[in-house]
Amino acid sequence: MATTALDVGRKRATLAWWGIAAVVAVFVISGLDWVGWATGADELTRGLQSWPQMPPWTAALLAILGVAVLLQTGRPSRVRVGAGCVMAAAAGVLALLFLVEYATGRSLGLDALLFPDAVADLPDAFPGRRPSLQAAWSVLMLSFAACLLRLDRRWSQVVWPWALAAAVIMPLVTLIANVFGDSWLKGGQANTATVGVGLLISAMVLGRPDRNPLAWMVDRPDRWPLVRLLGVLAGLPLVMGLSRLVFLGIGVRGEAMWVLSIAVTTTAVGAGAFYIGQRELRLLLEKEIASGRRADSERKRLDAVLANAPSAISVRDRQYRYTVVNDAFCELFGQDSVAEVIGRAEADILPTDVVARSRRADVRLLAGENFFEEEPISRADETLTVLTQRFALRDDNGAATELVTIRTDITHRRKALQEIAERRRWHDEIAAAIAEDRLLVYSQPIVDIASRDKVGEELLVRFRDRETGQILPPSGFLPQCERHDLMPVIDRYMLGRAIELAGRGRNVNVNISGRTISDDGVMTEIFETLKSSGPHIDEKIIFEITETTAVASHAMAKAFSLGMAGLGCRVVLDDFGTGYGSFTELRHLKLYSLKIDQSFVRNMLNDADDERVVNTMVFIANSYGLSSVAEGVESQEVLDRLAELGAQRAQGYHLGRPQPVVW
Ligand code: C2E
Ligand code: CA
Ligand code: CA
């Protein structure tokens, strides 16, 4: 489970309470000591009958330090920290005076100030009524540590644990001496004072769980540094005992033995502690550098992702000011750079209608709703369809601190979806029209100009609307069929009708689109259908492909015309003259005739150019051995002129309008 800031906070609060309890214990020890001195209750000044007495000065100094620590526990004000330092400094100065007394061997008279009657019986000689040398030393070190308790400088954070360590070392040595029962140090320091010093150290350490050594324990999942430290401390009596034995063995005794043993022990333990400290420091530094680097690269990666994200991402604080935006956001709202947007208010950047929608959304967001909508955003002259997601960033207490908006331009996706829906609609529409016989077949006669006989008919498709019953011409639905790839369906249907009519002995022209001839599957199917449609059917069917198709898909058109010639079907080049190609390009097609486009024919009597074109086309057809058909013949005059020009066939309103085919 992830440790949250809240967990760490709770842990620290608990630790602080233990620290206060330790200080209270110091007060109790000191208080009992003073009561002992005041009332003559000897055991209260010792703790245990066999223990040395704690002088009233030691109790006083420990209590003053206790107050100094207490003042600085928790979240102290500057005044409390100042007062704590003053108290600690006072204890330190007093301890220093006693140490001066020890060093100079002269009494300053301080010792007789507290409970003079009670301490009168104690010997004048050192330590006498004074705190022991060890206690004075510890108090001096503790006063440093207490002064540095709330000073967070680099050096103070290093000096602080060393001051604590220095404070603990002497009482520990005394404790060991007491344990070993050596006469030289016995009685030098009260065990109660040792306990008091230990409690004060604990209180200070517990008050600063963010500092080493406690920081290791609180923040590190493994307990190894602590175990090692305890190992070193546990090694202290061991080293002490061993060196004592060694020195006794080589004949060093008394004071000299103790001084040398202490020197060896403190050196060994100090070296161990130093080694562990350095190692931890190095690990800590490495960890910090690594996590710093990781944070750095993660930040860079996030920036890169944001910058390259196709969606416009923005984060606003509760004052509606932007804290994060990306390039896509700037592009969407016409801003020059990310830097120009950061720190500015939403209303400065967004168009008014977007701000209004955003505010309405915020109300719902803050009420805990998820937000997901499509919104229109105008940019220059286009309106984009944007998918907008919003969510609130909340802190541990569930309060919304920032609002995140991600806008994705789905204009293209929307169009594509519309296209797909449209395509599906048209496929269904045409399938239904076929099933319900609403795809109608009209027919227009084709006449031989010389004999004026009907020699054939062109089949033309019509569509009857289901609702209105209206009959649509090809221009009303074929463009959609082309767009949605439905031309093969139409062409197959019309070919089916053409085969039926051919089966009844009629000569029919059927139109076939470029899309159909380019589809191998459909073409195979058409060839198979024609092959199996019975005798003499093929020769009655003429396919019309437009010049545009033939030019655009020349290879397909060639394959088609050859394939059809193989079956016996004829192919006509429709709308001749509109394909913007020269006929020489199309000479490899296997064609039966050229169908001159109606745009040249209709007006040929009034437009000399048109007439010239028609004349040329008839000439081309003749020179390639093809017949020519003129479309769009709307008058007898045109028909007569076409006869003069030598065209073979004609089609047009004058000869017959497209009518529902008569079966
Ligand atoms: P198209 O193949 O050139 O067909 C001739 C068009 O000219 C027909 O229009 C016909 O009604 C019209 N027309 C005939 N004579 C005259 C005239 O004297 N004056 C005028 N102004 N127009 C005349 P429609 O039926 O509207 O068809 C238009 C186009 O739709 C056709 O042009 C053809 O390209 C396509 N089409 C029609 N039916 C089919 C079909 O079944 N399959 C395929 N692929 N296309 C078809
Ligand atoms: Ca045609
Ligand atoms: Ca035509």
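Start by selecting Phe 329: at 0% relative accessibility, this residue counts as buried (under 20% relative accessible area; exposed is over 50%, partly exposed in between, with a 1.4 Å probe and protein chains only). The model is predicted, so local features need pLDDT of at least 70 and side-chain atom pairs pLDDT 80 or more, while totals for chains, interfaces and linings use all residues. Residues are numbered from 1 along each chain as its sequence is written, chains are lettered from A and ligands numbered from 1 in the order written, and side-chain values use heavy atoms, without hydrogens and water.

**Aromatic pairs**

Rings of Phe, Tyr and Trp (its six-membered ring) pair if their centres lie within 6.5 Å; planes under 30 degrees apart are stacked, over 60 edge-to-face, the rest tilted. That rule gives nine aromatic pairs. One of them joins Phe 329 to Phe 333: tilted, 5.1 Å between centres, 55° between planes. Phe 333 is buried too, at 10% relative accessibility. Ring pairs link Tyr 322, Phe 329 and Phe 333 into a cluster.

Next, select Phe 463 and Phe 477. Their ring centres are 5.3 Å apart and their planes meet at 35°, so this pair is tilted. Phe 463 belongs to strand β7 (residues 454-464), and Phe 477 to the loop between β8 (471-472) and α16 (478-483), so the pair ties together parts 14 residues apart in sequence. Helices (H or I, at least four residues) and strands (E, at least two) are DSSP runs, numbered from the N terminus. Phe 463 and Phe 477 are both buried.

**Charges over rings**

Go to Trp 160. The charged end of Arg 211 sits over its ring, 4.8 Å from the centre. The test is NZ of Lys or CZ of Arg within 6 Å of the ring centre and within 35 degrees of the ring normal. Then show Tyr 493: Arg 497 lies over its face, 4.5 Å from the ring centre.

**The calcium site**

Which residues coordinate the calcium ion (ligand 2)? Select Glu 458 (OE), Asn 511 (OD1), Glu 544 (OE) and Asp 574 (OD), at 2.0 to 2.4 Å. Donors are N, O and S atoms within 2.8 Å of the metal (3.2 Å for Na, K and Ca); water is not among the atoms, so sites may look incomplete. The donor spacing in sequence is E-x52-N-x32-E-x29-D.

Asn 511 lies in strand β9 (residues 508-511) and Glu 544 in strand β10 (residues 541-546), so the pair ties together parts 33 residues apart in sequence. Asn 511 is partly exposed, at 25% relative accessible area. Glu 544 is buried, at 1% relative accessibility.

End on Asp 574, which bridges the calcium ion (ligand 2) and the calcium ion (ligand 3), 4.2 Å apart.
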